[in-house]
Amino acid sequence: RERADTALRQAKIELEQRVIERTHDLQHINHQLELELRERQRAEVALQISRSRFAGILEIASDAIIAIDALQTITLFNQGAEQIFGYSATEAIGRSLDLLLPQRFAASYRQHIQAFGADPHPSRQMGTRRQVVGTRRDGREFPAEASISYLNLGQEQVYTIILRDVTEQQRTENDLRDALQKLNFHFENSPLATIEWDREFRVVRWSAAAEKIFGWSSAAVLGKSPNEWKF
């Protein structure tokens, strides 16, 4: 009986020791799980913040940012696109990209996107913007600059188009061009002697009237400062 009691006590001590060891192991595992859970939660929060920031940037961008799938169906349509084209995101998403293009250019634009999608560098972005023409909801066409990039996500191919309305820019350029043409016309046809020089007072333009009045040809004075010639 004493031997049995001793064996029982020893077995109880060993069992308690194993329980302590197992409890310690479980506590260690639980601590590791808690650390991993906290790290995962931090990562999820960081990802959420990053997505929120990206969504915010996407929405406040003045440029149109449009995503399409391999069938050229619109899958993303930001606020800038809504303002430029006049469609709401709800109206545009799920419809063909042709919705935003003049009918006469739709086929060529679709071919361009398909050719770009066949490029062996899927993450390559077009280095320069391409001049295109867009169509607003009311049917009015407008000039635009667009760049395109695409990415393969598994079996899915996603294109991103960034487009900027350059109507005002072109109007300003045209106004400037017209103003320069008028200035050149008056420069060459004015009865008054008209002279243009740079910051060092070297003559860069010498009108026909200046030649007639001063007797110096433009070849004689161009590139020279006043102290090199006399009136």
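How many helices and strands does the chain have, and what is there to see at leucine 33 in helix H1?

Mentor: This is a predicted model, in which local features need pLDDT of at least 70, side-chain atom pairs count only at pLDDT 80 or more, and totals for chains, interfaces and linings use all residues. Residues are numbered from 1 along each chain as its sequence is written, and side-chain values use heavy atoms, with hydrogens and water left out.

The chain has seven helices and seven strands; these are DSSP runs, with helices being H or I of at least four residues and strands E of at least two, numbered from the N terminus. Along the sequence they follow the pattern α-β-β-α-α-α-β-β-β-α-β-β-α-α.

Leucine 33 lies in helix H1, which spans residues 2-60 and has the lowest confidence in the chain, with a mean pLDDT of 74. The pLDDT is the predictor's confidence in each residue, from 0 to 100; the chain averages 80. Highest is helix H3 (residues 89-92), at 92.

With a relative accessible area of 48%, leucine 33 is partly exposed, a class that falls between buried (under 20%) and exposed (over 50%), using a 1.4 Å probe and protein chains only. Of the 231 residues in the chain, 26% are buried.
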